[in-house]
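Let's take a walk through a protein together, from its overall plan to its inner parts. Have a look at the picture before reading on.

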Amino acid sequence: MTTISIDTLLTQLKWRYATKKFDPTRKISAATWVSLEQTLVLSPSSYGLQPYRFIVVIDPKLREALKLLAWGKPQVTDASHFVVFARKTTISGEDVTKFINLTTDSRGMPRGSLQGYYDMIIGDLVKGPRSAWVDEWTARQTYIALGNLLTAAALLGIDACPMEGLDPAKYDEVLGLPAKGYSTVCVCALGYRAADDKYATAKKVRYPAEELIEHR
Ligand SMILES: Cc1cc2nc3c(=O)[nH]c(=O)nc-3n(C[C@H](O)[C@H](O)[C@H](O)COP(=O)(O)O)c2cc1C
């Protein structure tokens, strides 16, 4: 197995920043983009349920409309790629069955052999106390995918800007998400920084490790 060095990891994590100004002339290669999409697919989620969808917005007109709904943020149209992160708004018994069947089929197990696991998920997310705020739970899962994408992009030398500053209800409307059972959580623009983005050289603002991390 190949791994990256500690130096590479930290160099790239320090190199990345929330890019405010993208170079609109530079595009992420198709092969690189496919690998970034795979980081979304390979993202871990609680129970493995994957209660989200990622909308890669390619249509320039749609990107323009979404920019207006994000207070004119230039990243929406200038970045090479733009992804809307949407959570599932409900979790039903059918959703759990679909996932359990995918699990058994993927692993060559007989259908029905994961009844206990099915019951556990139903008892938690569909009928249990967490069902009352399941859309918050699905949003949390969605943010994990965002984090994964940001780190993967940094490791590949791709710039990114995660953004919550937008009108989620309007995004939902324009993208037709409610009819499909999804709603907008956040977005991420990806591409290459403009040479004159002054934020690229701004000092990182982070609390010292001793304040954020406890060893007990
Ligand atoms: C979930 C999330 C939402 C964010 N929303 C915005 C946003 O709407 N606009 C923006 O310019 N930056 C946004 N940011 C970027 C943060 O401000 C930035 O990540 C933070 O200040 C740390 O700086 P750095 O990422 O450059 O290290 C967001 C970041 C995250 C993780």
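Which pattern does the protein follow when read along the sequence? The pattern is α-α-β-α-α-β-α-α-α-β-α-β-α. That gives nine helices and four strands, where helices (H or I, at least four residues) and strands (E, at least two) are DSSP runs, numbered from the N terminus. What you see is a predicted model, in which local features need pLDDT of at least 70 and side-chain atom pairs count only at pLDDT 80 or more, while totals for chains, interfaces and linings use all residues. Residues are numbered from 1 along each chain as its sequence is written.

Of its 216 residues, 29% count as buried. A residue is buried if 20 or more other C-beta atoms lie within 10 Å of its own, exposed if 12 or fewer, and partly exposed in between, with C-beta atoms placed from the backbone.

Now find the strands. They form an open sheet of four, in the order S1-S2-S4-S3, with antiparallel pairing; two strands pair if DSSP finds at least two bridges between them. Strand S1 (52-56) and S3 are the edge strands, each pairing on one side only. From one strand to the next, the twist averages 25°. Five bridges join S1 to S2, and Phe54 stands opposite Phe85 in S2. On to the next pair: eight bridges join S2 to S4, with Arg87 opposite Ser183 in S4. S2 is mostly covered, as eight of its eight residues are buried.

Next, look for H7, which lies across S1, S2, S3 and S4 and runs at about 155° to S2. Such angles run from 0 to 180 degrees between N-to-C directions, and the axes are lines fitted to C-alpha atoms, for helices over the stretch in contact.

What about the interior? In soluble globular proteins, nonpolar side chains tend to be buried together. A nonpolar core is a set of buried Ala, Val, Leu, Ile, Met, Phe, Trp, Tyr and Cys residues joined through C-beta atoms within 7 Å. The largest one here has 34 residues, and Phe85, Leu149, Ala160, Val187, Cys188, Ala189 and Leu190 touch the most other members. Elements that each supply at least two residues include helix H2 (30-41), strand S2 (81-88) and helix H7 (134-155). The largest share, seven residues, comes from S4. Apart from this core lies another, of eight residues, among them Val96 and Trp137.

Leaving aside neighbours within four places in sequence, its contacts include Ile28, Leu36, His81 and Ala153; two residues are in contact if their C-beta atoms, placed from the backbone, lie within 7 Å.

Finally, visit the ligand. Among the residues around the ligand are Tyr17, Lys20, Cys161, Glu164 and Lys204, where being near means a C-beta atom, placed from the backbone, within 6 Å. S3 gives the largest share of this shell, three residues.
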